[in-house]
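Subject: Structure handover

Hello,

Please find the structure below, followed by notes on what was found in it.

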Amino acid sequence: AGEHVFSGGIYRNVRLVLKSPAYIDWYGTSVTTPDLAQNDGRSSTVRVVTDLCNATGSEATFRLQTDVVDAEGRTVASVTDDYKIASGASVQADQTTPAVEQPVCWSPEQPYLYKVVSTLSRKGRMLDRTETVLGFRWMEWTADKGFFLNGKHRKFQGVCNHHDLGPLGAAINVSALRHQLRMLKDMGCDAIRT
């Protein structure tokens, strides 16, 4: 009586993703803002490392265009490079954009997000396109003062939370999860351990 029994299985969305023979690898984009902390949030370049794969059967030259797009849909920085990739090989494309001036820094109170749009093409034909979420923010921990976000001292106001939604079960219910997160945020929660 009162026991919770959870079975395994699939309880999140499952998708079959078909890619062209030349593609951006799955989870193959890493984004950092290397200059943000030293510039106190006033500007930063965006470094994007992208894994590009060529399974076309022949060596070819591919173009990678990387755009940083703000929440209003404006492109705020862009870089384009060509990469020669052997058949059956992959390369790590390492790109750095020009500085984004006065970026809106992410915080729990102002969760402003940009996106990095990576477009792989050959001879003007798009082969793959991915989007990676980016929040401009920097963190620092000190032994005597604790945690700082964007140069401001913060104390974590967190909870431990199971992934299930009580009697609704483990299968994700988007509206119920949003409701739960809104309630936690209204209580002042800014960190969740799942």
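In which strand does Trp-141 lie? Trp-141 is part of strand β10, residues 139-142. Helices (H or I, at least four residues) and strands (E, at least two) are DSSP runs, numbered from the N terminus.

Two points on the source. This is a predicted model, in which local features need pLDDT of at least 70 and side-chain atom pairs count only at pLDDT 80 or more, while totals for chains, interfaces and linings use all residues. Residues are numbered from 1 along each chain as its sequence is written, and side-chain values use heavy atoms, with hydrogens and water left out.

Trp-141 counts as exposed because its relative accessibility is 59%; buried means under 20% relative accessible area, exposed over 50%, and partly exposed in between (1.4 Å probe, protein chains only). With its neighbours within four places in sequence left aside, Trp-141 is in contact with Gly-146 and Phe-147, where contact means heavy atoms within 4.5 Å. Between Trp-141 and Ala-86 there are 43 Å in space, C-alpha to C-alpha, and the two are 55 residues apart in sequence.

Strand β10 runs antiparallel to strand β11 (residues 146-149), and four bridges join them. Two strands pair if DSSP finds at least two bridges between them. Opposite Glu-140 stands Phe-148 in β11. The two strands β10 and β11 form a hairpin, with three residues between them.

Strand β11 also pairs with strand β12 (residues 152-154), in the antiparallel sense and over three bridges. Here Phe-148 stands opposite His-153. This pair is a hairpin as well, with two residues between β11 and β12, and Asn-150 in the turn has a positive phi of about 55°.

The sheet β5-β4-β8-β9

An open sheet is formed by four strands in the order β5-β4-β8-β9, with antiparallel pairing. Its edges are β5 (75-85) and β9 (125-134); each has a single partner strand, so one side of each is left without a neighbour in the sheet. On average, neighbouring strands of this sheet are turned by 15° against each other, direction ignored; the axes are lines fitted to C-alpha atoms, for helices over the stretch in contact, and angles run from 0 to 180 degrees between N-to-C directions. Strand β8 (residues 114-122) is joined to β9 by nine bridges, and the two run antiparallel. Thr-119 has Arg-129 in β9 as its bridge partner.

Helix α1

Helix α1 (residues 174-186) has 13 residues, which at 1.5 Å a residue should span 18 Å; its end C-alpha atoms are 18 Å apart, in agreement. The expected span is 1.5 Å times one less than the number of residues. Ala-176, Gln-180 and Leu-184 are buried in α1. Seen down the axis of α1, the buried residues fall within an arc of 75°, so they line one face of the helix; the arc is that of the directions from the helix axis to the C-beta atoms. An α-helix has 3.6 residues a turn, so residues three or four places apart point the same way. Ser-175, Arg-182 and Asp-186 are exposed on the other side of α1. The cover over its buried residues includes β13 (158-160) and β14 (191-193).

Gln-180 counts as buried because its relative accessibility is 18%. Not counting residues up to four places away in sequence, Gln-180 touches Asn-161 and Leu-165. Its side chain makes a polar contact with the side chain of Asn-161, at 3.3 Å. A polar contact is a pair of N or O atoms within 3.5 Å; within protein, one must be able to donate a hydrogen and the other to accept it, and residues adjacent in sequence count only if both atoms are side-chain atoms.

Regards
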